[in-house]
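Subject: Structure handover

Hello,

Here is the structure for you to look at. Please open it first, then read the notes below.

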Amino acid sequence: MTGPAKKKTALQGVMTATAAILTIAAFSSGLLYLDRLIERPLVTSTANAAGSIPAGAKVRALLAERIDEHKQGVGIVVGIVSPKGRSVVSHGRFGIADPRPVDGDTLFEIGSITKVFTAMLLADMAERGEVALNDPVARYLPEDVTMPGRDGKTISFTDLATHMSGLPRLPDNLAPADEANPYADYTTQQLYAFLSGYILPRRIGVEYEYSNLGFGLLGHALARRAGVDYATLVRQRITDPLGMSSTAITLTHDLAKRMARGHDSALAGVPNWDLPTLAGAGALRSSVNDLLVFLEMALGQRQTPRAVRLSKTLATTLATRRQITDGGATALGWVVTTNATGEVIWHNGGTGGFSSFIAFHPRTKVGVVILSNTNVGIEDIGVQVLRSLVLPANGPIPG
């Protein structure tokens, strides 16, 4: 989520401060534009066959370069999963003033990766017959709330989950008392008031615009249908079945002790973000070890009955797609990029003090997750590691 360099209104100030419940990286020429961001050699090794885990020393050197040389991070943790197993590599610390080393159990805000969980909830509830993917969202809101429509069409759950609802990135009545925690005081009543007065500028289901508002609304509507709050719904349907005990919104005392401090791009400490109304857009905190469990489920490497069921749910999120460019599509909560190696399924995220990236390559059954306690993008690291997993030693670089 980008904004103008100078604050002109309260909303513009929010957009600058919220550089990321970050928008997904843009598509360019049908290829994943992240591939084109790489300005240093790929992390590849002549000893690595496709699907092998890159040498930890090489990944650690990449992290040390980012943190120690370029001063663009405080602590970064990389998790890798492949048919060979899993690996966690970390460098840095909990905070500028906290020397504890980060590791696979350190908690970070994961920002827009939360949207993947929200889409999973939608698919799960559809499989259970609690909702349908194409149900109108208005059906699950109070009767006195008017959902915007256009050309006789209403906004469906699928429209929200593919960023094709016509809703904007943010509501224009978001005016936080504390711009360092911009969503904390945005209320359900404000959300309903915005929806009831908004006129859609784009056609529903046709024109794409990344919308944090849309995913926040999706999580809100699903929680209303389930009769529980969003955090409880995620726990009941996803994290408890997978044993992801370090993924939550409100942290227990033990989890709070493992929560890293967030930092802005100047490496100054910043507050954590709270999203009580728009939780489905970016409220979750998690660890690399927990997100590796999620990736193992996605890749079919966890065979417990509940993990197998959730892997089918995840397949539902990938089955519904809207094409954005020749090589890029949006699925339910995911971005799908196709290149010479096959499909890459991914999402990135960020808050005022954290950055995140998750991706997997179904054909080779490899995946990577990266969490950082600095609001500086780490997508290029993720792409380098993923490509080193996917490509044969000294093989051609697609794109």
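Is A329 buried or exposed? A329 counts as buried, because its relative accessibility is 4%. Buried means under 20% relative accessible area, exposed means over 50%, and partly exposed lies in between, with a 1.4 Å probe and protein chains only. A329 sits in strand β13, residues 328–331. A329 and T162 are 167 residues apart in sequence, yet their C-alpha atoms are 9.2 Å apart in space.

Some ground rules come next. This is a predicted model, with residues numbered from 1 along each chain as its sequence is written. Local features need pLDDT of at least 70, side-chain atom pairs count only at pLDDT 80 or more, totals for chains, interfaces and linings use all residues, and side-chain values use heavy atoms, with hydrogens and water left out.

**Confidence**

pLDDT is the predictor's confidence in each residue, from 0 to 100. The protein has a mean pLDDT of 86. Of its residues, 84% reach 70 or more. Residues 1–51 stay under 50. For that stretch the model has 134 contacts beyond four places in sequence. Contact means heavy atoms within 4.5 Å. Residues 393–399 also have pLDDT below 50. This stretch has 15 contacts in the model beyond near neighbours in sequence. Where pLDDT is low, the predicted coordinates should not be read in detail.

**The whole protein**

The protein has 12 helices and 17 strands. Both are DSSP runs, numbered from the N terminus: helices are H or I with at least four residues, strands are E with at least two. Of the 399 residues, 58% are buried. Take the contacts between residues at least 6 apart in sequence: 70% of them join residues at least 24 apart. The accessible surface comes to about 15,100 Å². Carbon and sulfur atoms hold 50% of that surface. These areas come from the Shrake-Rupley method with a 1.4 Å probe, and for residues only the protein chains shown count as cover.

**Cavities and pockets**

The search runs on a 1 Å grid over the protein atoms alone. A cavity is a set of points where a 1.4 Å probe fits but cannot get out. A pocket is an open set with protein on both sides within 12 Å along at least five of seven lines. Lining residues have an atom within 4 Å of a point. Grid points are joined across faces, edges and corners, and a volume is the space filled by probe spheres set on the points.

The whole structure holds two cavities of 30 Å³ or more. The second largest cavity has a volume of about 50 Å³. Which residues lie nearest its centre? They are H163, T330, G333, W334 and H347, out of 12 lining residues. That lining has eight nonpolar, four polar and no charged residues. Here Ala, Val, Leu, Ile, Met, Phe, Trp, Tyr, Cys and Pro count as nonpolar, Asp, Glu, Lys and Arg as charged, and the others, Gly among them, as polar.

The second largest pocket has about 150 Å³ of space. Its lining includes D229, Y230, W273, D274 and R285. By class, the lining has eight nonpolar, one polar and three charged residues.

R150 is in strand β7. R150 counts as partly exposed because its relative accessibility is 29%. Leaving aside neighbours within four places in sequence, R150 is in contact with L200, P201, R202, R203 and I204.

D151 lies in the loop between β7 (149–150) and β8 (153–154). D151 is exposed, because its relative accessible area is 66%. Its phi is positive, about 55°, although D151 is not a glycine. Most residues other than glycine have a negative phi. K71 also has a positive phi, near 55°. K71 lies in the loop between α2 and β3 (75–82).

K58 is in helix α2, residues 56–69. K58 is partly exposed, because its relative accessible area is 39%. K58 and V385 are 327 residues apart along the chain, and their C-alpha atoms are separated by 9.7 Å.

G300 is in the loop between α10 (288–298) and α11 (305–319). At 37% relative accessibility, G300 counts as partly exposed. G300 and P362 are 62 residues apart in sequence and 9.4 Å apart in space, C-alpha to C-alpha.

Best wishes
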